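Welcome, and thanks for taking a look at this protein with us. Please keep the sequence and the 3D view open as you read.

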Amino acid sequence: MQHKTSPARRRLGLAALALGAAAAVAPGLLLAQDWPTRPVKLIVPFPAGGSTDAVGRLLAAELSKELGQSVVVENKGGANGNIGSDVVAKAEPDGYTLLLSGVGSNAISYSLYQSMPYRDSDFAHISLLATGPNVLVANMEFPATNFADFIKLVRANPGKYTHASSGNGSSGHLAMEMLKQAAKLDLVHVPYKGGAAAITDMIGGRVSVMFLNQDSLLPQVRSGKLRALAVASAQRNPAYPDTPTVAESGYPGFAAESWFGLSAPAKTPPAVIQRLNQATVKALASPDIRQKLESVGFVVVGDDPKAFSAFVQSEITKWGAAAKASGARMD
């Protein structure tokens, strides 16, 4: 014999089912709605004092205002940014540990290191923050004073001239490898332990030319201690308005830029990623950030997670080809 269920009992049953379904998704919903309820940690995978650290601290200050919670910078340097990046790759995906990602640790390293503790799939990319070109400079005694003459001179004297870099596998090293391939140049590589030492020897005339980040070279170029021959961005850089691009000088499509982005561990809730993206784009619109970054030649971007993820993939492919061509490997 079948028992009829009263309308009241049916309503109670439906309410219980609804509560059960809500409970099943409540943690994610609560995280998305209430986040952040405590300070957020921004891992900068390089020591304090460099370009990455400066960008991270500028962003953290503005994000703190946008999110209503402190964003605290924590420097975890080592292994070209790989150590700090790995910390974030393995962090809890709750939005409270973020990464100041960059061209080295999130593009070049995948092809450079024989063993990597993380992959790109370990990250959820939030926004590209800013880009800055590598700049080709020569010491003031170098015979060529413009890019076209540089190409002619080096081609006419294979193996005679040297190019410095801030280290094996750095973006400047690989930028020159790309140019050597494109222009069929023979230059001897002289790697240094950092850009400062390379700049010192460039000014002293001990090495001929080098590619290095635009912000590091700007004071020396403006003071006349080094000569800028070309910038490696798609368009001319506002801080180097009279310096032609490599692309416009006969090598269309040539680009070798450093960049900074904001990333989180993979599986961070999409709603949190969206909130972070909105806050980041607003932060980058701050006149203070724009003025400070643009004054040293950075181009401020601010895009969406899909665009930034596609950009990272294209950078992994491009720098991977350059690393393979150079033969550079790191243990």
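Here is a short briefing on the fold, the surface and the interior.

The model you see is predicted. The protein contains eleven helices and ten strands, and 50% of its 331 residues are buried.

**Overall layout**
- The C-alpha trace spans about 100 × 40 × 35 Å along its principal axes.
- Among contacts with a separation of 6 or more, 78% are between residues 24 or more positions apart.

**Surface and charge**
- The protein carries 31 positive and 25 negative side chains, with the centres of the two sets 6 Å apart.

**The largest nonpolar core**
- This core has 49 residues, and Leu 136, Phe 147, Phe 150, Leu 179, Phe 211 and Phe 254 have the most contacts inside it.
- Helices and strands both contribute: the elements giving two or more residues include helix H3 (82-89), helix H4 (103-112), strand E4 (123-139) and helix H5 (147-156).
- Also on that list are helix H6 (171-183), strand E7 (209-213), strand E8 (226-231) and helix H11 (305-326).

- Another core, of 32 residues, lies apart from the largest one, and its members include Leu 42, Leu 63, Leu 98 and Ile 289.

**A closer look at Phe 211**
- Which residues is Phe 211 in contact with, leaving aside its neighbours within four places in sequence?
- Its partners include Asn 134, Val 135, Leu 136, Ala 164, Gly 172 and Ala 175.
- Phe 211 is also in contact with Met 176, Leu 179, Ala 232, Val 246 and Phe 254.

Notes
Residues numbered from 1 in each chain as written. Predicted model: local features only at pLDDT ≥ 70, side-chain atom pairs only at ≥ 80, totals over all residues. Heavy atoms only, no water. Helix = DSSP H or I, 4+ residues; strand = E, 2+ residues; numbered from the N terminus. Buried < 20%, exposed > 50% of the residue type's maximum accessible area, 1.4 Å probe, protein only. Contact = heavy atoms within 4.5 Å. Lys, Arg positive; Asp, Glu negative; His and termini not counted. Charge placed at Lys NZ, Arg CZ, Asp CG, Glu CD. Core = buried A, V, L, I, M, F, W, Y, C linked by side-chain atoms within 4.5 Å.
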